[in-house]
Amino acid sequence: MSTVGTSTVETVIAERKAAGSGALVGYLPVGFPDFQTSVDAAVALAENGVDVIELGLPYSDPVMDGTVIQKATQAALAGGFKLAHGFDAVAAITARTDVPVLVMTYWNPVLQYGVDRFSDDLVAAGGAGLITPDLVADEAGLWLAASERTGLDRVFLAAPSSTDARLAQAVEMSRGFVYAVSTMGITGARSDVDTAARTLVARLRAAGATSTCVGLGISTADQVREVLGYADGAIVGSALVTALADGGVEAVARTAAALAAGTRLTSSST
Amino acid sequence: MALRDELGPYFGEYGGRYVPESLIAALDELDSAYQLARTDTAFQSELAQLHATYTGRPSIITEVPRFAQHAGNARVILKREDLNHTGSHKINNVLGQALLAKRLGKRRLIAETGAGQHGVATATAAALFGMECVVYMGEVDTERQALNVARMRLLGATVIPVTTGSRTLKDAINDALRDWVANVDSTHYLLGTVAGPHPFPVMVRDFHKIIGEEARAQVLELTGRLPDAVTACVGGGSNAMGIFHAFLDDPDVALYGYEAAGEGHLTERHAATITRGRPGVLHGARSYMLQDDDGQTIESHSISAGLDYPGVGPEHAWLNDIGRASYLPITDDEAMEALRLLSRTEGIIPAIESAHALAGTMKLGRELGPDATILVNLSGRGDKDMETAGTYFELFDKKASE
């Protein structure tokens, strides 16, 4: 794993791991249901046990997202979301909390904004780095250079179907953490987090990963606890978006707190 | 290197693979299978046999002198892909990919469709090979192409109306990609155009290049020389790549792709991706696309559902940039006028998509004059467009439409 500079995200995850548990990563999109509420909701994540915020930028063609997140980001776009609001949101959130903010974005908006300009503006806003669901390291030349220059984290995805060579590449190129895709699929709550995740995390460790978070399908404290039994972090998205859609910031706070219970040691932890 | 030898994954700065990591293994598997198949005589002869006994290949060429009077009296020759089984060029690619899917042991085909032609072709291949078939189609398109929805269902396919985003072709592709990510072990995504991540652009082109190879020989035999220009409509660009490819290294043959300009390429309602777009990443590849300043995809518009797409294949983007092919806009009205003209002068009702190529040919013929020969890819027939044409030309009796 690349260690140029010190990754706050990696440090936070390592501290949680050292304390005997692991990190909770919480996703919410900017601009849903409106800009200010999305900022307040992200801050509420930080205040209720979320260790790393994954802030999504709404995009017209989100192929990795299930219906819950699609609906939310589509509503944000219909509500007038502009890319500039993403930086505003990062600045507003990081002004109110020390919890690191990673931006989750599909690649074309970054490309159109200009990869270097995007990186500089993200640094200026206080962002920690990028999670790029449709950018594999093979196509990431511009981003690798920009993140080296700025020290931003770069989180690449690893999948159960990835070859050992590709897992090694994801580990080598990622900084902050490697995003282990729990199942062959898209975002959305699932009753079972795939056993494939456990195998994938073991393979990533064998490839040298020291910071691995599991995402897709995690929606309960029990699932968080189960995942933290073998991984360094658990990523929750759709469950938080559903809470925000149904019950506003208060519901997000409650859901985050409930999920965070899964990061605490209990008798049922494995 | 000859232009015809480009094998991807990049065409200049275009192409590549901008997809979730979960799909990389499937794309690698497909690429390997395709690399074997393209030189495997058993595969090639099985496909050739299907084309001879099922598709109806070789498709004929037809010279259209009465139509040509409206094209500067240039010599106009149509490549009749409209006569293929299922009514368009789409079957060429579908049979090739379905055979590959069979080799890969996949029992389930999924596809996106806009006008429904590719969905019908995929449903046809699935029926022929005894495979399960799921077609994603934007809800807007299922309404305006209800007949093709019925055709697909009659062929045994499941048609899923896509209700997200703009509810058109681009969103159907998104949903097909999501399905593929989740079911990649059992499923082949039978992408219908020369777009998407590698190997799709090069593979789909290769399955369609038979169009140009046949036509090049047929025109040589008929006229004793190569045509001065080859024309085709361009949405994603599969029929255009199919007919262009054999001529890429014939420097005296000009290549023209006609994009759908909808209500005009200077209005906001068009699908003229190369004319008005700029490079970006959409649906797994870097190419020209219609997008706003933030890189959000802009919805396209065309009277032709098959051209109503805000992206274009990466090889076209490259051919444009190196100046080998020219891409020009044709409006809805120009295309519909050409559709009516070919129907009345030659007794051939073209698809509205193909009518864009005809409209472009009319302009081009007037520029080149009577000494020129123009080969046009008549990529599909117009049966599916009767509802649209009937409304456009007010052909329905008031009573019957009530």
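Two strands pair if DSSP finds at least two bridges between them. Helices (H or I, at least four residues) and strands (E, at least two) are DSSP runs, numbered from the N terminus. This is a predicted model, in which local features need pLDDT of at least 70, side-chain atom pairs count only at pLDDT 80 or more, and totals for chains, interfaces and linings use all residues. Residues are numbered from 1 along each chain as its sequence is written, with chains lettered from A and ligands numbered from 1 in the order in which they are written.

**Stop 1: the sheet of chain B**

Select β3, β4, β14, β9, β10 and β13 of chain B, given here in their order across an open, mixed sheet of six strands. β3 (61–63) and β13 of chain B stand at the edges with a single partner strand each, so one side of each has no neighbour in the sheet. On average, neighbouring strands of this sheet are turned by 25 degrees against each other, direction ignored.

Next, select β9 (residues 229–234) of chain B with β10(B): the two run parallel and are joined by six bridges. In this pair, B:Val230 stands opposite B:Leu255 of β10(B).

**Stop 2: helices across the sheet**

Angles run from 0 to 180 degrees between N-to-C directions, and axes are lines fitted to C-alpha atoms, for helices over the stretch in contact. Contact between two residues requires that their C-beta atoms, placed from the backbone, lie within 7 Å.

**Stop 3: helix α14(B)**

Select residues 332–346 of chain B. This helix, α14, has 15 residues and reaches 21 Å from its first C-alpha to its last, close to the 21 Å expected at 1.5 Å a residue; the expected span is 1.5 Å times one less than the number of residues.

A residue is buried if 20 or more other C-beta atoms, placed from the backbone, lie within 10 Å of its own. In α14(B), the buried residues include B:Asp332, B:Glu334, B:Met336 and B:Leu342. What do the buried residues of α14(B) pack against? They pack against α3 (65–68), β10 (254–262), β13 (325–331), α15 (352–368) and α16 (386–392) of chain B. Just after the helix, B:Gly347 takes a positive phi of about 70 degrees.

**Stop 4: chain A**

Chain A has eleven helices and nine strands. Buried residues make up 61% of its 270 residues.

Key:
A residue is buried if 20 or more other C-beta atoms lie within 10 Å of its own, exposed if 12 or fewer, and partly exposed in between; C-beta atoms are placed from the backbone.
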